Amino acid sequence: MKEMENNDFVHTLDAVYNLCSEIKEHITSIETTDEEENNEGLILLSDNLQRLQAEIAGMKSQLSAGRKVVLLGIILLLLVGNACQFKRNMQLSDNDLKYRLIKMYGGISGNELDTLEVVFHRDRNKTVIRNIRNEVEDFEYRTRVRAEKLEKARLLQQEAENI
């Protein structure tokens, strides 16, 4: 909402700046055609318009600089958020692997659980974790293949009984 208001303000400043330019051009054209008359008022108006344009340009640059700081802050905040999310995803992945290992063994003792916690957290050992992952994935693959073979055998037996 705040950014929308800033954008509207910037657009308004642009419109006023352009209007000042048009008025200045009009004044310049009047000055050249009416050189004979006293143009002090027009010269003063032209100077005031020039100062107004300079102020508007300064305000626009300040707004854009402020916007850059805000965008930089948002980017930094998102980077920190991504780092935290990555860390959380790693924890969830580790927890998933530990659960699958416990399920593979059909349960483990308290000492074995402590050993797992040491491997995954306190003294993280990537080689041991990779070996555990390979062992679990191999077990899950063999279990899936065995289940498919049992299902095929059941279907063949059922088909044979129906004939």
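1. At 5% relative accessibility, Asp94 counts as buried, because the cut-off for that class is under 20% relative accessible area. This holds for a predicted model, in which Asp94 lies in helix 2. Leaving aside residues up to four places away in sequence, Asp94 touches Phe120 and Arg124.

2. The largest nonpolar core has nine residues in all, namely Leu97, Leu101, Met104, Leu116, Val119, Phe120, Ile129, Ile132 and Val136. At least two residues of this core are supplied by each of helix 2, helix 3 (110-122) and helix 4 (126-162). In soluble globular proteins, nonpolar side chains tend to be buried together. Phe120, one of the residues that Asp94 touches, is also one of the members of this core.

3. Ile132, another residue of the core, is placed in helix 4 and is buried, with a relative accessible area of 11%. Not counting residues up to four places away in sequence, Ile132 touches Leu97, Leu101, Leu116 and Phe120. The C-alpha atoms of Ile132 and Lys98 are separated by 8.7 Å, although these residues are 34 residues apart along the chain.

4. Met104, which also belongs to the core, touches Glu135, Val136 and Phe139 when residues up to four places away in sequence are not counted.

5. Ser61 is found in helix 2, which spans residues 40-105, and is partly exposed, with a relative accessible area of 40%. Ser61 and Val10 are 51 residues apart in sequence, while their C-alpha to C-alpha distance in space is 9.9 Å.

How values were computed. Residues are numbered from 1 along each chain as its sequence is written. This is a predicted model: local features need pLDDT of at least 70, side-chain atom pairs count only at pLDDT 80 or more; totals for chains, interfaces and linings use all residues. Side-chain values use heavy atoms; hydrogens and water are left out. Helices (H or I, at least four residues) and strands (E, at least two) are DSSP runs, numbered from the N terminus. Buried means under 20% relative accessible area, exposed over 50%, partly exposed in between (1.4 Å probe, protein chains only). Contact means heavy atoms within 4.5 Å. A nonpolar core is a set of buried Ala, Val, Leu, Ile, Met, Phe, Trp, Tyr and Cys residues joined through side-chain atoms within 4.5 Å.
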